[in-house]
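Let's take a friendly walk through some charged pairs and a chain interface. The sequence and the structure come up just below.

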Amino acid sequence: MAVTTDWQKSAYIAAQAADARVNVELETEGMTLNLGPQHPATHGTLRIVVRLDGEQVVWAEPICGYMHRGYEKLCEVRTYPQVTTLINRIDWLGHFANEVPFILAAEQLMGIEAPPRAQWIRTIFFEMARIANVSLFLGDMGIQLGAITPVFYAFRDREYVLNLMEAATGGRFHPNFDRIGGLKEDLPRGWVDECHGVMTRVISFCQEMEDLLMGNEIFQTRTRGIGVIPAAVGLEYGLSGANIRASGVDWDLRRDQDSPLAWKHCDWKVWTHPDGDSYARYWVRLQETREAARIIVQLLDGLPSGPIQAKVPRIIKVPPGEAWCHTENPLGEMGFYLVSKGGRGPFRVKIRSASFNNISIVPWLLRGVYVPDVITILASLYFILGDIDR
Amino acid sequence: MTRLSSAPEEPVGGPTGEVAAPAGGAQPERDRLRQQMLDVLRRRLGDAVVGSEIAGGDMWVRVERRAWRRLAEVCRDELHMDYFCFLSGIDWMVNPAMSGEKVWEPEGGGVVMEGDEGDAPAPTGIQTGVGGGDSRFQVFARLYSVTGKIGLTLKVDVDESDPRLDSWVSVYRGADWHERETWEMYGFDFEGHPRLRHIYLPGEFEGHPLRKDFPLLSREVKPWPGLVDVEPMPGEEAGAEDATAGAGAAG
Amino acid sequence: MPLILGVDLSAYWATTLLKVLVVLGLIPAGAIILGYVFLLKMMSHMQSRLGPMEAGPHGSLQLVADGLKFIQKEDIFPERSDRFVFAAAPIVVLLSTFLLYIVIPAGPRLIVEDLDTGIFFALAVSSLSVLGILMAGWASANKYSLIGALRAAGQLIAYELPLILAVVGVVIQAGTMSLQGIVMAQAEGEIFGVGIIGNPFIFTQLIGFMLFLVAAQAELTQAPFDMPVAESELVAGFMTEYTGFRFLFFFMGEFGTAFAFSAIGATLFLGGWYVPGVEGTLADVLGPLVLGAKIMAVAFFIFWFRFSYPRLREDQLQAFAWKLLIPLALVNIAVTGVLKVAF
């Protein structure tokens with residue numbers, strides 16, 4: 001493992017010591033502890049079986065599937081417009097962001113492209129979904145560490161974002177707003193001004209979180225050097241998004257691929273952190289929320305006028321072919337591998353959701369840590385159960 | 001952004017062929033890079049590379065089963081594909097009851113399949129996709145290079161009667177869960193996988209849900225009511241219509 | 001000889017009865033007041049929400065309603081629990097809370113028993129609750145409970161020491177262990193010759209006061225030291241299996257102890273019931289009110305920490321106690337001793 005920073009070094013030494021203890025000490029009867037599926041720390045129904053030596057984890061295994069809904073199968077018996085209803089519910093906090101890669105994949109196969117205004121509004125909603133998703137993480141991380149106040153601030157300010165979503169799409173949780181070739185509707189009147197105000201709130205919320213939680217010594221003691229993921233290991237497990245950027249990998253699909261969405265028109269920055277620990281993951285996500293607000297403000301200022309829907313056939317049939325489209329979703333890389341046979345519904349949809357890969361590193365990551373750190377690490381990896389179980 | 005758009009009139013199963021104008025001027029250079037990658041793979045794996053495709057800003061490579069793990073190693077070590085994206089399977093059998101087209105016919109409301117998995121209806125045809133294919137089942141995976149910002153899709157045929165395949169876990173640790181998922185959803189056996197156990201389904205689950213001949217029971221009990229919406233209007237050809245209306249009706 | 005309704009209140013049985021009734025009423029009242037003011041209202045407003053608003057004016061009867069709800073609930077014993085120990089544990093915890101109130105003075109004569117070793121007694125009985133917590137954790141036959149109980153034991157033992165050492169400074173300065181005596185010492189003291197407000201020990205024993213607050217926080221198992229009940233890890237720690245009125249006992253014990261510790265802190269460092277210039281019977285009337293106000297001030301700090309801070313890890317907590325608090329407390333004692341001799 002490449003040791004680059006002091007925090008990594010200390011974590012590495014601690015892990016070595018833990019390994020040595022686990023291996024050398026006399027064989028005692030370990031205790032198997034079930035975290036979940038009904039446990040306050042696992043938002044959703046993830047179950048983690050940990051084998052403990054004292055309070056130290058010897059072995060851990062996440063067990064998922066309690067919420068498996070078989071979306072890949074269900075997608076095969078629906079039409080393309082109906083599929084968006086399903087995929088809204090994969091990462092239910094990043095609702096709109098789920099729709100985009102699927103719609104883009106279908107648009108690719110059909111060879112159509114949405115008009116610029118639609119792309120800009122898509123990008124705005126995409127980033128709002130990011131704020132709605134990640135701001136909850138910013139508060140939730142606090143509650144997993146025992147600080148109960150941040151989560152209420154997160155819910156308070158997230159509410160403004162959701163209200164905006166509701167005003168434009170009619171849905172707070174499942175907007176179902178993206179259409180092949182454009183959007184369902186244009187923005188309502190006065191929405192842009194309202195959104196400016198909300199983004200100011202979001203930025204001040206980030207500052208609040210930084211003051212209340214990130215600057216706290218206890219928070220730093222609990223997260224620094226805890227759950228260190230070296231970049232190479234993280235990539236091998238397919239970690240993406242803020243999780244891998246916190247390990248120092250400078251990779252953001254919003255910037256690194258040629259996307260029809262409007263990120264390329266904005267001035268923003270991809271944040272990385274060299275440490276790869278829980279603190280770094282929190283830090284990167286906090287910066288990303290700020291950047292998302294910045295992106296939205298810039299997009300609102302330069303919103304082009306024009307239609308929001310391209311000409312598409314009334315009955316949508318996607319030409320045969322295969323397309324892979326992935327975007328940088330709030331939780332990480334989300335991709336759809338779409339196989340069409342020319343029908344009205346997809347032949348096969350492979351949903352590559354971020355949390356499934358992000359959480360698959362858990363058995364590797366949890367060896368040798370203490371029970372309280374299990375919670376910290378899981379919270380900092382940030383998964384949504386719907387995104388794991390699909 | 002990978003961009004693939006094939007002409008609708010082209011036969012299914014062939015290479016998806018002509019590519020829409022790639023966005024961004026750097027696309028030809030990227031395609032040259034992809035060609036170099038493909039050359040490396042051909043050099044290392046020889047005739048085990050049985051199909052390939054570079055189109056629309058993306059690339060597909062299909063190999064024989066024996067070269068599956070070697071392919072991953074070459075990709076990791078020589079092409080610097082450090083990021084494991086996903087691995088999954090695909091069943092190319094067209095099952096009229098499952099493909100959806102059948103149930104969309106007006107009279108086809110309650111399509112009931114004959115028998116279940118053991119007594120599957122005769123496949124109406126197996127038409128494989130990009131990169132070709134010789135068998136009903138394929139496993140496909142995607143790798144990406146974070147440094148080179150380039151990815152590729154890898155495919156391998158899986159024998160229907162003997163669905164065995166080398167595991168990738170020793171090459172990419174992240175393949176663990178994906179292979180478990182593919183194992184339970186398709187019934188492919190990954191040799192060398194440390195513990196092939198159920199990941200989503202309960203332990204006593206029988207059958208492989210993502211195979212095309214696995215019945216989706218809720219569809220058999222009741223036809224999908226939402227399908228009524230996409231029926232063409234009487235005396236109307238599916239085609240150039242006002243887009244918003246189409247989207248609205250579909251939603 | 002005070003006579004009320006023809007009963008001689010100085011008779012032994014009468015005073016005893018009175019005291020028992022006061023203490024029995026005081027603990028739930030204290031728990032409810034703290035719970036309402038801080039847990040329900042202060043926390044809610046700090047978190048930009050309203051909190052309960054329906055039961056009673058501004059939700060003030062919410063905890064009464066909750067208490068009634070708890071009493072109505074089914075009394076569940078886990079199947080493999082040790083029934084006797086399981087049932088006894090909450091009582092032991094509550095008992096330690098009750099015993100604390102014996103030595104806290106609320107006025108010149110308003111004290112249940114003015115022991116010569118008052119503060120010693122208070123700190124000793126407060127550690128009794130560890131026993132109850134261990135019993136609860138063991139008897140529940142639940143892994144979360146067991147881990148929680150063992151954490152609690154380790155934590156309470158570790159923090160008993162800084163708590164006692166923090167108090168020693170006050171004891172040295174006052175020259176007595178009786179809480180009444182400590183109040184009088186503060187009342188009669190003077191700051192650089194100015195005796196108007198006496199000499200609350202918070203000025204001379206500021207370090208001791210801070211140590212006391214931190215250690216009391218740990219004794220009360222409140223955030224940032226709430227690992228024994230860490231709800232995101234251990235569900236509810238040693239309380240996981242408790243429902244109904246047994247859970248209510250724990251709840252009352254928790255807030256009752258918080259009230260008692262606030263009272264001890266107010267007595268030791270803020271001058272207790274003493275009001276400058278007020279003596280005799282008037283002090284007996286005003287004393288409880290003054291003490292109450294000071295208790296609320298101390299409790300405010302305790303709960304403010306609780307709502308703001310994340311939780312430490314068990315090993316970090318131990319390191320904090322042994323490597324920082326205890327040396328600091330020892331230094332404080334040494335300095336106090338030297339100054340005591342010097343002045």
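B:R173 is partly exposed, because its relative accessibility of 29% falls between the 20% and 50% cut-offs. In this predicted model, the side chain of B:R173 forms a salt bridge with that of A:E236, at 3.2 Å from N to O. The pair runs between chains: A:E236 sits in helix α9 (residues 231-236) of chain A, while B:R173 is in the loop between β6 (164-166) and α4 (175-186) of chain B. A:E236 itself counts as buried, with a relative accessible area of 17%.

Chains A and B are also linked by A:E322 and B:K155, whose side chains meet in a salt bridge. A:E322 belongs to strand β6 (residues 321-329) of chain A and B:K155 to strand β5 (residues 150-158) of chain B, so this pair joins two chains. Both ends are buried: A:E322 has a relative accessible area of 1%, and B:K155 one of 2%.

A further pair crosses between chains, from C:R313 in the loop between α12 (280-308) and α13 (314-342) of chain C to A:D373 in helix α15 of chain A. C:R313 is buried at 9% relative accessible area, and A:D373 is buried at 3%. Within chain A, salt bridges with shared partners join A:E127, A:R130, A:R245, A:D252, A:R254, A:E288 and A:E328 into one network.

| Salt bridge | N to O distance |
|---|---|
| A:E236 and B:R173 | 3.2 Å |
| A:E322 and B:K155 | 2.8 Å |
| C:R313 and A:D373 | 2.5 Å |

Over all chains, the search finds 47 salt bridges.

How many salt bridges cross the interface of chain A and chain C? The rule finds 1 there. The two chains also have 8 residue pairs in polar contact, counting residues at pLDDT 80 or more. On the side of chain A that touches chain C, the elements giving two or more residues are β1 (31-35), α5 (116-144), α6 (150-169), α8 (217-223) and α15 (371-381). Of these, β1(A) gives the most, with 5 residues. That side divides into 20 nonpolar, 9 polar and 4 charged residues.

In terms of extent, 33 residues of chain A contact 25 residues of chain C. Together the two chains bury about 2,500 Å², with 60% of it on carbon and sulfur atoms. In chain A, the residues losing the most area to chain C are A:I148, A:F152 and A:I218, together 19% of what that side buries.

Finally, the cysteines: the count of disulfides over all chains is 0. A:C195 is buried at 0% relative accessibility, and B:C75 is buried with a relative accessible area of 0%.

Notes. Residues are numbered from 1 along each chain as its sequence is written. Chains are lettered from A and ligands numbered from 1 in the order in which they are written. This is a predicted model: local features need pLDDT of at least 70, side-chain atom pairs count only at pLDDT 80 or more; totals for chains, interfaces and linings use all residues. Side-chain values use heavy atoms; hydrogens and water are left out. Contact means heavy atoms within 4.5 Å. Buried area is the accessible area (1.4 Å probe) that two parts lose on being put together, summed over both. A salt bridge is a side-chain nitrogen of Lys or Arg within 4 Å of a carboxyl oxygen of Asp or Glu. A polar contact is a pair of N or O atoms within 3.5 Å; within protein, one must be able to donate a hydrogen and the other to accept it, and residues adjacent in sequence count only if both atoms are side-chain atoms. Helices (H or I, at least four residues) and strands (E, at least two) are DSSP runs, numbered from the N terminus. Ala, Val, Leu, Ile, Met, Phe, Trp, Tyr, Cys and Pro count as nonpolar, Asp, Glu, Lys and Arg as charged, and the others, Gly among them, as polar. A disulfide is a pair of cysteine sulfur atoms within 2.5 Å. Buried means under 20% relative accessible area, exposed over 50%, partly exposed in between (1.4 Å probe, protein chains only).
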